[in-house]
Amino acid sequence: MSDPQARRAPNLTPLELHVPEPRFRPGDTADFSDIVVPDVDAIVRPAEGAKPDTIRDLAYGLVRVLDSDGRAGGSWNPGLSTDRKLAMLRTMMLVRAFDDRMFRAQRQGKTSFYMKSTGEEATSVATAMALDRGDMCFPSYRQQGILIARDYPLVRMMNQIYSNRGDHLMGRQLPIMYSAPDHGFFSVSGNLATQYPQAVGWAMASAAKGDTRIAATWCGEGSTAEGDFHSALTFAAVYNAPVIFNVVNNQWAISSFSGFAGGERTTFAARAVGYGVAGLRVDGNDPLAVYAAMEWAANRARTNHGPTLIEYFTYRAEGHSTSDDPSAYRAAQEFAAWPLGDPVLRLKDHLIAEGAWDEDRHAAQAAALEAEVKAAQKEAEKLGILGHGMHQPFETMFQDVFEDMPWHLREQCEQMLAEQRAKFGPDWEPR
Amino acid sequence: MSTETMNMIEAINSAMDVMLERDPSVVVLGEDVGYFGGVFRATAGLQRKYGKTRVFDTPINECGIVGVAVGMGAYGLRPVPEIQFADYIYPGLDQLVSEAARLRYRSAGDFIAPLTVRSPFGGGIFGGQTHSQSPESMFTHVCGLKTVIPSTPYDAKGLLIAAIEDNDPVIFFEPKRIYNGPFSGYYDRPVEPWAKHAASAVPEGYYRIELGKAAVVRAGEAVTVLTYGTMVHVAMTVVEEQGIDAEVIDLRTLLPIDIDTIAASVEKTGRCLIIHEATRTSGFGAELAALVQERCFYQLEAPVERVTGFDTPYPHSLEWAYFPGPVRIATALAKILKD
């Protein structure tokens, strides 16, 4: 073997490999003062039919509606009624209460896994509220807010999390990988960004059939690096598909900061520019801006103006999942230092500033939602928790591999049942 | 129903034509399949007849082709994507293995992926290592996928219609060496057109051949030959040349496999030769050999033999030294029948 160093030309600069490194690690004091937070009127809302090449700047700005004093302003202000805003606040608070409760349930050993969406509630709740109920969502794994915004029963979500007798997915899926066709919510995969081209296919089918429904899909900034993301953008651009790509840029993909997805060089919204697709970069912790961006994109898609990519600039306040420990790789007070705040508190402050809400009512609502979640949990636990025997009948393991069970699966099912009889005695019967 | 003489391409085209006509949810997509009609002409004329929203070209992006087909299936369509060569299918593998194959299971039937992925496969056309592969065992290993491989125009049409109507994802591999005529295994002899073969008489309209059913293409007593695709014809040539009373079984569907037809035949003959063009190690022949010895061990009078491609990439200039042709098959048959 020759030494590669020996081949180096002596008069040339040695090449350097750049391996990205986040600015703050455990023990550091996070300082985000360099993040530019523009005023609410810095970016003007373009016409919904605007051609992508006339609005490229929007991929590099930051669409905002709520200013630092909680006042709504600027051309993106969606002008929602107080009731709608109160409903939005309540839904985000319910998501947070649900997350807290289920995180604790995992820690109590009632299930194997959970993923919180703390700090990112707006990116699923406000987006879902801006869509029609008939529009199809192809979520990633942190969009429980869509289901809750669409009034999916909490008990059903918990049954799935517990893989219990009431889990309509038969205990086959990791917790939080929901599926809810009646609520326009596609089966969550667990593999990353695979839902992106699927959403495009659904949107293409809707367009080919002359339907009026559109599709929306979500992924994190980390998985924009997947090939599926770029396949999806290509197909959406080619066929002008009525689809909305939501990139939740929460800065962290497990322990990898956004630099490992290319975030050091440009914004994630700017991915749209190369495809000739409309791209928006939005304050993801501003629920009204999130709503406004999705409403703009949805109206565009609905009027055959094609796809939009929206980057929500936000922050993952908690670990990636219950299996993660962020204190091992990032500075402890990053969320506290985050310049865009907390979406729940920002909407709360806005409603208080408008005179439609107050601290007492907020505290009372938080307590009421906590009680609602607790009551749902009690219901769900009547049907069992993971690993305590109240699972689905054994033979369901072999169902739904195919529409009809072929001989080799029937044979294997018999073998499995015989194993159970060997374990539990000849009187054992499959439940 | 009146029949027409068709080669395999025409039969496959006719199957899609019938299904596009019968079922408005059927859509055909893939690289060059639209206006041009496909590099092998399998979709010729279909866009003109059914319009651009039902038969259309796609970007060169197999992940996207399969991924959008999964989404179209979730919407309620019945997509028939073409992957131009089986060798190009790998960028779409995650969408097939992790998505299409498991969607029904993971959603407990909330969503299904009723796609039929058509793709020309196999060698013998001087395609080199990126236009000749036989990757079928990569798909039979995936739970939730069905894998179908026809060997005649008649079967190709009936199986393709059944595959399109199937509510599970089907990998439909078309042996491109025999698109225009059955192949004897003698590459230096003129190609015989399909017209001389009985199975080129193809009904014009709708008919199905049930998936999961093998065909006994030659009844015999001396040895069972299990094969599929191009190799059915090569095997038949050798068996006839050698005057061997072999029972030749065209598997047609690899998964789910027709175990009853296989076991009944091997129990009768006591000997079994497995032939496929794909590479040997972990090939589908390994699964067949295991099934045969599990079911028929006490009826076997000789070890089960495999004739396969070698464990190398498909070579360009040495294609015919690679191909499991008449010499390799005759040698294996002689060995099995020795005692």
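As it is a predicted model, I kept to local features with pLDDT of at least 70 and to side-chain atom pairs at pLDDT 80 or more, while totals for chains, interfaces and linings use all residues. I number residues from 1 along each chain as its sequence is written, and I letter chains from A in the order in which they are written.

**Chain B as a whole.** I looked up the secondary structure, taking helices (H or I, at least four residues) and strands (E, at least two) as DSSP runs numbered from the N terminus, and found twelve helices and 14 strands in chain B. The C-alpha trace of chain B spans about 60 × 45 × 45 Å along its principal axes. Its radius of gyration, taken over C-alpha atoms, is 19 Å, which agrees with the value near 20 Å that a compact globule of 339 residues would have under the rule of 2.2 Å times the number of residues to the power 0.38. I called a residue buried if 20 or more other C-beta atoms lie within 10 Å of its own, exposed if 12 or fewer, and partly exposed in between; by that count 59% of the 339 residues of chain B are buried.

**A sheet in chain B.** Counting two strands as paired if DSSP finds at least two bridges between them, I traced an open, mixed sheet of five strands of chain B in the order S9-S11-S10-S13-S14. Its edge strands, each pairing on one side only, are S9 (215-218) and S14 (305-309) of chain B. Neighbouring strands are turned by 25 degrees against each other on average, direction ignored, with axes fitted as lines to C-alpha atoms, for helices over the stretch in contact, and angles running from 0 to 180 degrees between N-to-C directions. Strand S13 (residues 272-279) of chain B pairs with S14(B) in the parallel sense over four bridges, and Ile275(B) stands opposite Val307(B) in S14(B). Helix H10 (residues 284-296) of chain B packs on this sheet, where it touches S10 (223-227), S13 and S14 of chain B, and its direction makes about 160 degrees with that of S13(B).

**The largest nonpolar core.** I defined such a core as buried Ala, Val, Leu, Ile, Met, Phe, Trp, Tyr and Cys residues joined through C-beta atoms within 7 Å. The largest one has 213 residues, and Val200(A), Val243(A), Ala293(A), Met294(A), Ile310(A) and Ala235(B) touch the most other members. Helix H8 (residues 287-302) of chain A gives the largest share of this core, eleven residues. Leaving out residues up to four places away in sequence, I listed the contacts of Ala235(B) as Val225(B), Thr227(B), Val248(B), Ile275(B) and Ile329(B).

**Where the chains touch.** The contact takes 36 residues from chain A and 34 residues from chain B, and on the side of chain B the largest share, ten residues, comes from H3(B).

**Chain A.** Here I found twelve helices and seven strands. Buried residues make up 48% of the 431 residues in chain A, and in helix H2 (residues 121-130) of chain A ten of its ten residues are buried.

Technical notes. Contact = placed C-beta atoms within 7 Å.
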